Amino acid sequence: MAGGNNNGQGTGVGEEKTASPRQSEVNRKLKYISLAILVVQNASLILSIRYVRTLPGDRFFTTSAVVMAEVLKVLTCLLIILFQRKGNLKEFIVLQYNSIVIQYKDTLKLAVPALIYTLQNNLQYVAISNLPAATFQVTYQLKILTTALFSVLMLRKSLSRIQWLSLLLLFAGVAIVQLEQEGKQKETTVTGPSQNYAKGLVAVIVSCLSSGFAGVYFEKILKGSSASVWMRNIQLGIFGTLLGLLGMWWNDGLAIAEKGFLFGYTPMVWGVIFNQAFGGLLVAVVVKYADNILKGFATSFSIIVSTVVSVYLFGFHVDLLFTLGAGLVIGAVYMYSLPKAAAPSPSTATLSSSSHSLADGAGDSETEAFLPKASEKEKGC
């Protein structure tokens, strides 16, 4: 995910050094536009999911929403490839057949990350439905820690001292927030009767673990691959759709058969699905104009935005402990994104939100992965 992002970022920075003053000014404006888009996408997805999951009335099936997002991603990538082929339908079909069927071994490699991303996307709905948006946003940054650890173990990446320090601060900040929330749970009932804080906490932790492993595994697959990022996302999306349908049948099959696939879908729910499906793709496209520091700043600022909006929208209470914990997390995210003295490690790339992210994120958020990784990227679509 990051690999693609890092690649894009490197290009952007290089261009700015040799670009004309006018082009440099344009690139500078695009950086801040990208920053704004990243902040809005990161914060709005979490807040909108929390909002639609806490509204009274009929609730949509989250498993169907995950499937719908996957379908939209696949269709979008197909259209992009068709556009790249200038509408040549025969060439388009031959390309799909060769890439998906003929090279079936290559396609099957994506079954593992697709399974994990599908699980992650469903878990995010569970977590956000049971945790305050601000608490989820802070805790979900543990994906940086899990991705870093998996990168060291699986890809033999090296982290700088400041990155290791930032990971310690990140863990400490999340721990403080969780201790504060646990104490608040004992003092007063903050959540509704249908919300389970422990369930949400387990869901977000498992989601962070799956996000870290899937991001690094996907990065490993992309290395040395000649397939385009869009084709990779189609292959990933096919498995994601099939696995999502299986999960939907297993968890909500009878209810969906009775009420319908689109039961409970409102304009707001459609907005969440479109944000989940296209948000990460949009971020991946614009992130090449934003350097790594701005990406870290965007993630940090989105936590602040989520917290502030949660206070007004959901009655979330911010106290000293939460402020301290969130501050440590924000600082850690920013520190981790600082450039290393040596050549930048691709592992940082896979940290973006989602997501598949939400899936991924995000990116993920999250996550998380739509452009080329040194030659392609990760899973945006």
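The legends below describe close-up views of a predicted model. Residues are numbered from 1 along each chain as its sequence is written, and side-chain values use heavy atoms, with hydrogens and water left out. Local features need pLDDT of at least 70 and side-chain atom pairs count only at pLDDT 80 or more, while totals for chains, interfaces and linings use all residues.

View A. Thr 135 lies in helix H7, residues 133–139 (helices, H or I, are DSSP runs of at least four residues, numbered from the N terminus). Thr 135 has a relative accessible area of 0% and is therefore buried (buried means under 20% relative accessible area, exposed over 50%, partly exposed in between, with a 1.4 Å probe and protein chains only). Leaving aside residues up to four places away in sequence, Thr 135 touches Val 177, Gln 178, Gln 181, Tyr 197, Phe 316 and Phe 322 (contact means heavy atoms within 4.5 Å).

**View B. Two loop residues with positive phi.** Most residues other than glycine have a negative phi. Lys 86, not a glycine, has a positive phi of about 55 degrees. Lys 86 sits in the loop between helix H3 (62–84) and helix H4 (89–102) and counts as exposed because its relative accessibility is 79%. Arg 156 also has a positive phi of about 55 degrees. The loop holding Arg 156 runs between helix H8 (142–155) and helix H9 (161–187); with a relative accessible area of 66%, Arg 156 is exposed.

View C. Glu 70 forms a salt bridge with Lys 73, with the closest N and O atoms 3.7 Å apart (a salt bridge is a side-chain nitrogen of Lys or Arg within 4 Å of a carboxyl oxygen of Asp or Glu). Both residues belong to helix H3 and are three residues apart, about one turn of the helix. Glu 70 and Lys 73 are both buried.

**View D. Salt bridge between Glu 91 and Arg 85.** The side chains of Glu 91 and Arg 85 meet at 2.7 Å, N to O. Glu 91 is partly exposed at 35% relative accessible area, and Arg 85 is partly exposed at 32%.

**View E. Salt bridge between Asp 106 and Arg 232.** These side chains meet at 3.1 Å, N to O. The pair links distant parts of the chain, with Asp 106 in helix H5 (residues 104–108) and Arg 232 in helix H11 (residues 229–259), 126 residues apart. Arg 232 is buried, with a relative accessible area of 1%.
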